[in-house]
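Subject: Structure for you to look at

Hello,

Here is the structure I promised to pass on. Please open it and keep it beside you as you read my notes below.

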Amino acid sequence: MLKIEDLHVAVGGAEILTGLTLDVPAGEVHAIMGPNGSGKSTLSHTIAGRDAYEVRGGRVTLDGDNLLELDPDERAAKGLFLSFQHPLEIPGVQTMTFIRTAMNAQRKARGEEEISAADFLKRVREKAKIVGLDDAKIKRPFNVGFSGGEKKRMEMLQMTMFEPRFAIMDETDSGLDIDALKMVGDVVNELRDPSRGFLVITHYQRLLDYIKPDAVHVLAGGKIVKSGGAELAAELERSGYDQFIEAA
Amino acid sequence: MSSTPLITPSTLDAGLKAAFAARSKTSEAQAAAFERFEKLGFPNRRVEGWKWSDFNAVTRRVQPANDITNDNTVAPSVFAGLNPLEIQIINGRIILPESDTIDGIEFGILDSVGTSPHMEDHAIAALNVALTRKAFGFSVAEGVSVERPLLIRHINTGSTPIFTQTMARAEANSRVKIIESFEGAGAYYSTLFHLGVRDGAHVERYLLQDAGAEMVTHGFCGVMMGRDAQFRQTSLSTGGALCRHETHMLYPGPDGDSNINSASLLSGERHTDFTTIVAHQGEGCKTRQLHKGVARDRGRNIFQGKFLVERTAQKTDAKMTANALLLSDTAEANHKPELEIYADDVECAHGSTSGALDDDALFYLRQRGLDEHGARALLIDAFVGEVIDGIGDDGVREVFRAGVAQWLEAV
Ligand SMILES: Nc1ncnc2c1ncn2[C@@H]1O[C@H](COP(=O)(O)OP(=O)(O)OP(=O)(O)O)[C@@H](O)[C@H]1O
Ligand SMILES: [Mg+2]
């Protein structure tokens, strides 16, 4: 599904990813853990197509399609979704209008029919309830004045609405209360199926208790320095990253 | 009008003189106004308040547009759906609706034109006073509340300079909505609007400038506010070679309340200047002003706002905000917010910002599937939205919204 080979990425002139290789097969959930500043968000932004991230070498494909030559919206239309570590507030943009516009833009790009206003409304209400955003929250300008946790819920609302084929969740768990953490687990488990893949970036094992990952990778010094099963997360939580940073 | 086209400086000057000479009857006030204009000339950028809108320069390079056609059939207004009482001023000729009237509104063509003491040193207003022949006038009777809007269409299609006036009064406790649209692809259009909002009256004024790129427009609106009077104005302009709309408000008495909002959407070399002066004299008046300017290419967004708060105007509450969004390196925003306060117990503030589209927001929207155009359009629409959303009349709001959407198609 998502294949990353020997990826080199520079930001502001400095090379942050220095030959990263990762393969997430369809149907699997992989977790990435790693110290602050190790390049996790750099990886997520690069996969999503942010142009400030300069790809100096390597390949990124989704089901064989070369993502690196596509615009961010083309990647989105292919089913790529990024749950942002720091979701933005967009004043003046109505939440529902925006989500519906985005959804229809994706559908149009895929040659699918647009969702009707009525179907959209029904669905967004239903999903908002699941992620714990009340009606008033989705009738406001996008994320304006939202708490950190509410913004993460809004990311999850969009993920459940778009039903992406591949989702990158960049520290979605940071800033979430215990109930919300469980909600994120439920949302991921609900979407999980043999055709979808997930890359979950996190600092803590908590979320991984709900989402049992198929693999856990340690990102340090711009590379994957260690891969293992779900038990690796527990080991990291106990002993920290030092051993891996030295190894890298 | 029988003046000659605006082509070169000499023909412009000669044209204006000829136009003045050709007038059948000229009042002393008009003769004096013409003399005043001749002495002052079109303001250039060295004149205070005209730094960014150099009429002197632009009137010298105005190219003649198509000549006036005698065909007075005009396309239906974008406001037609609001079922307005429609007055057309086509190349200076005032055309009243034949059989249509609104109960409580009296209107007609006036022989005398207005002069106003505070326009003494305003060359363009003086020229207007000198050259306008007839004015459109209307008044709304006391206590009458009019639902249907009154639409004044300023249509300018020729190379002849056009001068028009409107004189209006909303009597005590009346309510009325006035829409003015500036249309066509003419050369030079100047209009004065004298508006009295009497005690307790509520007037909404909507101004839409969506006219030719080569048009030079000058609008001057003087508003006299009564006690407890309310005034709500929203303007939207896509500019022209030079387009300046001035609003001069005076609160001689207490408890007046106004919103004066504006938005400019400028592409190519188009220029819009919204200049306002609000003079607070009475106690406890409230003024809110919001300007949003968007410019791409070499568009020029000008905003000049001044709140004058005289010593007698205690408890004035006045806030002014101007924000510009520049979509290219060559686009310009020039804002001049000013407070001049002589009273001590007041709440006054102003703020001005200018910036580009936010890259983080653009990336966020594109990650969600919007293409580059869609993402930019959504953010620009959101930027201008505050002004559009503030429009009190549902029908007018939709027309303005459609105007913004149309502009955004080309972004
Ligand atoms: N625009 C930029 N200009 C310069 N350096 C940058 C820029 N963006 C990121 N960096 C640097 O790149 C490195 C990796 O940042 P990144 O955000 O990918 O880390 P991270 O692993 O996501 O960290 P965290 O766990 O704190 O979220 C950091 O040292 C950061 O300072
Ligand atoms: Mg990060």
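Start with one pair: Lys177(B) and Asp393(B) form a salt bridge, and their closest N and O atoms are 2.7 Å apart. Keep in mind that this is a predicted model.

Chain B is split into domain 1 (12-67 + 81-356) and domain 2 (358-411). Domain 1 of chain B brings 28 residues to the contact, and domain 2 of chain B brings 18 residues. The C-alpha centres of these two domains are 26 Å apart. Two salt bridges are found across their interface. Six residue pairs are in polar contact there, both residues being at pLDDT 80 or more.

Now look at the domain 1 side of that contact in chain B. Six strands each supply at least two residues: E7 (175-183), E9 (202-209), E11 (230-237), E13 (257-266), E15 (286-295) and E17 (317-326). E13(B) has the largest share, with five residues. By class, this side has 15 nonpolar, eight polar and five charged residues.

How much area is buried between the two domains of chain B? The value is about 2,000 Å², and carbon and sulfur atoms give 76% of it. On the domain 1 side, Tyr206(B), Leu265(B) and Lys292(B) lose the most area to domain 2 of chain B. Together they make up 26% of what that side buries.

**Between chain B and chain A**

Next, the two chains. Here 16 residues of chain B contact 27 residues of chain A. About 1,800 Å² is buried between them, with 68% from carbon and sulfur atoms.

Four salt bridges are counted between the chains. Arg366(B) forms a salt bridge with Asp71(A), with 3.6 Å between the closest N and O atoms. Helix H5 (359-367) and helix H6 (372-389) of chain B each supply at least two residues of the side that touches chain A. H5(B) gives the most, eight residues. That side of chain B has eight nonpolar, two polar and six charged residues.

**The magnesium ion**

Last, find ligand 2, a magnesium ion. Ser41(A) (OG) and Gln85(A) (OE1) coordinate the ion at 2.0 to 2.1 Å. These two residues are 44 residues apart in chain A. Ser41(A) is in helix H1 (residues 40-48), while Gln85(A) is in the loop between strand E6 (80-83) and strand E7 (90-94).

Best wishes

Definitions and conventions: Residues numbered from 1 in each chain as written. Chains lettered and ligands numbered in written order. Predicted model: local features only at pLDDT ≥ 70, side-chain atom pairs only at ≥ 80, totals over all residues. Heavy atoms only, no water. Donors = N, O, S within 2.8 Å, 3.2 Å for Na, K, Ca; no water. Helix = DSSP H or I, 4+ residues; strand = E, 2+ residues; numbered from the N terminus. Domains from an automatic or database assignment. Contact = heavy atoms within 4.5 Å. Buried area = accessible area lost by both parts, 1.4 Å probe. Salt bridge = Lys/Arg side-chain N within 4 Å of Asp/Glu carboxyl O. Polar contact = N/O pair within 3.5 Å; in protein donor to acceptor, adjacent residues only side chain to side chain. Nonpolar A, V, L, I, M, F, W, Y, C, P; charged D, E, K, R; others polar.
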